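Please open the model in your viewer and keep the selection tool at hand.

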Amino acid sequence: MSENGADENATSECKASAAPTSAGSCPRCFQGLGERSCGACGLAFEREGRLIDVLGRDPRESDAARVERFYERSPFPGYAPDDDGGTLLDRARRSSFLRALDAALPAQARVLDCGCGTAQLAAFLALAAPRRRVFGLDGCRESLRCAEGFRARVGLENLQLARADLFAMPVRAGSFEVVLSRGVVHHTADPVRAIECVAQCVAPGGVLVLGFYESAARLFHAARRALARPLSTPLRALDPVLRRADLAPEKRRIWIEDQYHHPLERMLAMPAVLAQLERLGFSWLRSVPPGIESGLFEATPRPGPLARARLRLGWCLRGVNDPDAGLVLLLARRGSR
Ligand SMILES: C[S@@+](CC[C@H](N)C(=O)[O-])C[C@H]1O[C@@H](n2cnc3c(N)ncnc32)[C@H](O)[C@@H]1O
């Protein structure tokens, strides 16, 4: 596990099939789901076992469709064939960030993971506290099938997965105590609006954990990628993930696809993201990195211009050996009404 909890050991083994269990819960009103709609709030969907799809077969906007096709080929991050609840918990608990996140989350919190991919993070949070209610939304059907296969195999009743678009989420504004979105907004055509959509799901007093490619932190990777282009292959010596001796071939393929050939990727500057969140009524809690062992949701002093520059210089320098290639988490708390 890397500093911000990304699951480096998983592979894209997504063959497990989804066995229907109970009816599932509605991401909009949290009541039980019917066969094609929620009896309580009317949310309409198609169903595959307990996985629901609110997008259906309608064509998506072209950038979203391109990104979905990309993840159909490489669901991210995927599970290892022998993954079960125990291995996922063990691996997650080796990450100080994930331990701190689990400890900071109330045991009965409603948690939303926007752009959950194959849902390792959501599954970990659901496994770690059975009374927590975790919802994972993503636009990619294949990633969600993979996630649902794992959910069904492990028998996780407190995790509900849904195919939905970030820009039209089937949830009520302000209804989740904690909202996570790691590695997603920078893969959309409009990251500013994507941040707004994610942020509006957070309840007053709740916490947003937003992970994005930070422009200073990703500078070294941008250079590495530019160098790989004329050579037609990444230079192993320059990439700490590709240098790993234990990297499985499928994991290597997915890493190269994700980091060197992604069809839609932007970088965001932390000061601009912070300013946007502040305009939306959030206040700074912290960033990761630096790493953290405990007190994840406790406020740290808001960095002024000099401290922000120092932070970003530190991220830029650690870029040479950063296994997250410049993914930074920003944690912010929404003001109470
Ligand atoms: C790099 S993966 C991150 C997965 C997961 N959050 C993690 O940290 O492992 C990005 C995910 O964002 C999803 N995504 C991108 N654009 C989206 C959109 N407009 N609506 C919903 N999901 C989207 C993709 O389908 C993909 O699963």
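Two strands are said to pair if DSSP finds at least two bridges between them, and helices (H or I, at least four residues) and strands (E, at least two) are themselves DSSP runs, numbered from the N terminus. The model is predicted, and local features need pLDDT of at least 70, side-chain atom pairs count only at pLDDT 80 or more, while totals for chains, interfaces and linings use all residues. Residues are numbered from 1 along each chain as its sequence is written.

**First stop: the sheet.** Select strand E3 (residues 110–114) together with strand E4 (residues 133–138), which pair in the parallel sense over 5 bridges; in E4, Arg133 is the bridge partner of Arg110.

Select strand E8 (residues 282–288) and E9, which pair in the antiparallel sense over 6 bridges, and look for Ser283, which stands opposite Arg333 in E9. Then select Arg334, which lies in strand E9 (residues 327–334). Is Arg334 buried or exposed? Arg334 is buried, because 23 other C-beta atoms lie within 10 Å; a residue counts as buried if 20 or more other C-beta atoms lie within 10 Å of its own, exposed if 12 or fewer, and partly exposed in between, with C-beta atoms placed from the backbone. Although Arg334 and Gly206 are 128 residues apart along the chain, their C-alpha atoms are separated by 5.5 Å. As for E8, 5 of its 7 residues are buried, leaving the strand mostly covered.

Select helix H4 (residues 120–128), where 9 of the 9 residues are buried, so the helix is largely enclosed by the rest of the structure. Among these buried residues are Gln120, Phe124 and Ala128.

**Last stop: the ligand.** Of the 22 residues around the ligand, Gly115, Gly117, Gly139, Cys140 and Leu166 come nearest, a residue being near if its C-beta atom, placed from the backbone, lies within 6 Å. Finish with helix H1 (residues 62–73), which gives the largest share of this shell, 3 residues.
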